[in-house]
Amino acid sequence: MTLKSRHLLGIADLDPEEIGLILETADAMTEIAARPIKKVPALRGRTVVNLFFEPSTRTRTSFEVAEKRLSADTLSIAVAQSSVTKGETLLDTVRNLEAMAPDMIVMRHGSSGAPHLLARLCRSAIINAGDGMHEHPTQALLDAFTIREHKKRLDGLKVAIVGDLLHSRVLRSNVHLLNKMGANVWACGPTTLMPSDLARFGVRPTASIDEAIDEADVIMMLRIQHERMHGHFIPSTREYFTLFGLTPARVARAKPDVIIMHPGPMNRGVEIDSDVADGPYSVILEQVANGVAVRMAVLYLLAGQEAQAD
Amino acid sequence: MKLLLKGGRVVDPAAGRDGEFDVLIEDGRIARIAKSVPADGADVIAVKPGWIVAPGLIDIHVHLREPGQEHKETIATGAASAVAGGFTAVACMPNTDPVNDHPGVTQLILRKAAEAGGARVYPIGAVSIGSRGEQLAELAAQKAAGCVAFTDDGRPVATALLMRRALEYAGMLGVPIVDHCEDPSLKGDGVAHEGFHAARLGLRGIPGVAESIAVERGIALAEITGGAFHVAHMSARQSVRAVRDAKMRGARTVTCEVAPHHFVLTDEALETPIRYDTNVKMNPPLREAADRDAMLEGIADGTVDVIATDHAPHHADEKLVEFDRAPFGIVGLETCVPLVFDRLVHAGRIGIRRAVELLSTNPARVFHLPGGSLADGAAADVTILDPDARVVVRAAELKSKSKNTPFDGWELKGGVVATIVGGTVVYRNGQLL
């Protein structure tokens with residue numbers, strides 16, 4: 001079995017079998033990280049460009065490590081809007097890079113749909129490393145991988161996602177993935193930070209964190225950005241923490257074997273209490289470790305697609 | 001110079017005429033409309049049975065981009081696009097560079113239009129200087145120069161006070177105020193209709209009430225001032241309700257228009273057939289099915305006065321960018337008639353007579369323009385339509401300088417046979433003459 005598309009633009013485009021394939025391939029990849037020499041020749045001679053239009057530490061590093069472990073030639077470009085301020089369009093920037101014949105482009109961009117524009121008009125395989133408020137597919141895949149490690153399954157689990165739902169690409173990718181894999185998703189946040197028609201996403205919307213995490217198997221916390229006060233979304237981070245912060249007392253409502261996740265970067269004391277973030281239920285650093293294996297799996301499978309296309 | 005339109009169904013709601021007639025044009029004017037007019041040396045256009053002879057269509061909401069943005073459109077290319085779409089006259093928006101807030105700009109537009117030929121061009125002046133919402137433009141001087149309406153389109157009239165004064169002052173001059181109805185705080189930095197599709201695609205939303213709140217403001221001020229208030233490009237169901245309620249209680253100076261894309265498309269177009277297609281990005285945005293249906297109802301029940309295209313040409317480079325960086329707007333002049341026939345007339349929502357009202361009679365009435373009727377002695381602006389023509393929209397073949405349309409490749413039923421301005425055939429069978 002292979003992936004149907006040569007791009008990974010979002011979870012919305014994957015079917016459950018493809019998601020399963022990526023997770024199983026990632027299982028195999030974790031074994032590589034345990035070796036003394038953490039390198040295989042799968043992508044030798046391939047060039048991967050990491051093109052980041054937004055600051056990112058975790059995701060970019062994770063992709064770089066994954067690419068190096070697969071022996072790809074990698075090139076990371078942080079476009080601090082410099083070409084953009086010089087008037088160059090995204091398409092021109094990417095076409096200039098393509099003139100140097102890369103095989104894949106891993107892109108993070110602040111505009112929703114930017115990777116879809118490239119997939120339509122460029123030659124390279126595009127991997128979406130986060131587009132605006134739209135999707136962050138490899139995050140959802142590594143989250144699913146982490147959940148599966150602990151729970152051995154995804155279907156039937158109660159997963160509570162809590163935080164800034166409106167602006168979150170992590171929410172959107174996770175909802176697509178968890179729904180496709182049969183989990184029950186509860187989405188919780190202040191009404192001001194809920195997307196329109198949230199129920200149509202296939203989730204149970206609630207503004208009560210107690211209801212959301214009651215008997216939950218998994219709690220995923222989303223980051224609250226400090227600047228959200230400016231759009232009148234929340235009065236203060238202090239009030240936010242009072243209503244939606246994840247505290248040890250609240251965690252007690254969840255299942256005894258609950259796992260607590262966060263895509264990072266965390267705001268301690270805003271959406272999550274440090275005692276929870278560093279506590280026994282937290283799998284936050286495991287998520288980071290699993291990110292490398294999942295991204296290796298994605299790169300490996302898409303490279304296979306490229307080989308077929310050749 | 002005589003031209004005889006022989007045969008066909010003359011539909012002229014203003015004159016109460018609907019039937020088989022010949023139309024004789026002499027020296028650029030309507031000379032005679034009768035059952036059977038002899039050719040008597042005139043050039044003859046044989047109008048086939050089933051074709052419609054209508055008073056020239058008038059689009060009261062177009063952006064011709066000149067002066068200042070000639071890479072998108074010029075007055076000449078816009079006027080050509082208009083006649084190719086069956087329009088004998090257009091009213092052009094003042095958000096040019098510089099903004100048309102001064103008789104010098106109005107005169108420039110009129111001079112360019114006279115040189116260009118094609119459709120008649122009626123300038124619309126800015127309400128405020130630079131459309132900045134700070135100081136009223138010299139509306140009387142602008143009227144004298146040739147402006148037929150005032151608006152800060154592209155932006156809303158900035159404050160309720162400015163809107164009040166503009167309605168009072170323009171009311172004194174007998175000229176309507178057109179508002180791009182939008183509450184800027186609710187619109188924020190939105191790029192698409194606030195609804196399920198934008199939420200799923202992670203696009204910032206513009207709620208329908210961002211429009212209807214401003215519609216309600218305009219209606220309230222029109223009612224206390226008596227000034228004529230025209231709602232531009234209405235898109236939200238709440239706005240239709242507001243206008244309908246106002247008309248029911250007798251607000252005679254309130255009128256409104258709807259653009260074809262708002263009665264044809266919905267926000268589903270953000271996802272299909274192409275995700276994030278910047279040719280479905282316009283302001284106001286494509287809204288949800290309930291809003292689209294409200295436009296159709298308003299068109300059928302008489303709430304809507306005018307169909308106007310909001311023809312907004314943009315260069316291909318400007319649209320070939322990330323969705324949230326692309327400019328708002330699509331071209332509309334050459335797709336309007338096929339969409340009206342296909343989606344309104346053939347869909348059984350309105351008759352041909354109502355279609356002519358929406359595209360000719362009422363636009364002339366709302367802006368007090370000459371035309372809108374084939375009266376004896378009137379300038380011979382005539383559009384000949386074939387309701388059963390098979391039309392395939394080809395973006396690359398549009399006469400407009402810009403090709404930004406979401407209707408590329410659409411097969412529609414109903415089209416333009418010929419466009420006659422002042423007795424001269426300027427467009428016929430797909431060719432500009």
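The model is predicted; local features need pLDDT of at least 70, side-chain atom pairs count only at pLDDT 80 or more, and totals for chains, interfaces and linings use all residues. Residues are numbered from 1 along each chain as its sequence is written, while chains are lettered from A and ligands numbered from 1 in the order in which they are written.

Chain A contains 12 helices and 9 strands (DSSP runs numbered from the N terminus: helices H or I, at least four residues; strands E, at least two). Its radius of gyration is 19 Å, close to the 19 Å given by the globule rule for 310 residues, so chain A is as compact as a globular protein of that length (radius over C-alpha atoms; rule: 2.2 Å times the number of residues to the power 0.38). The C-alpha atoms of chain A fill a box of roughly 55 × 45 × 35 Å along the principal axes. Of its 310 residues, 49% are buried (20 or more other C-beta atoms within 10 Å of the residue's own, with C-beta atoms placed from the backbone).

Chain B is divided into domain 1 (2–52 + 379–432) and domain 2 (56–366), with bounds from an automatic or database domain assignment. The C-alpha centres of the two domains of chain B lie 25 Å apart. In chain B, 32 residues of domain 1 are in contact with 46 residues of domain 2 (C-beta atoms, placed from the backbone, within 7 Å). On the domain 1 side, the elements giving two or more residues are β19 (382–392), β20 (411–421) and β21 (424–428) of chain B. β20(B) gives the most, with 7 residues.

Terms used:
Buried ≥ 20, exposed ≤ 12 C-beta atoms within 10 Å, placed from the backbone. Contact = placed C-beta atoms within 7 Å.
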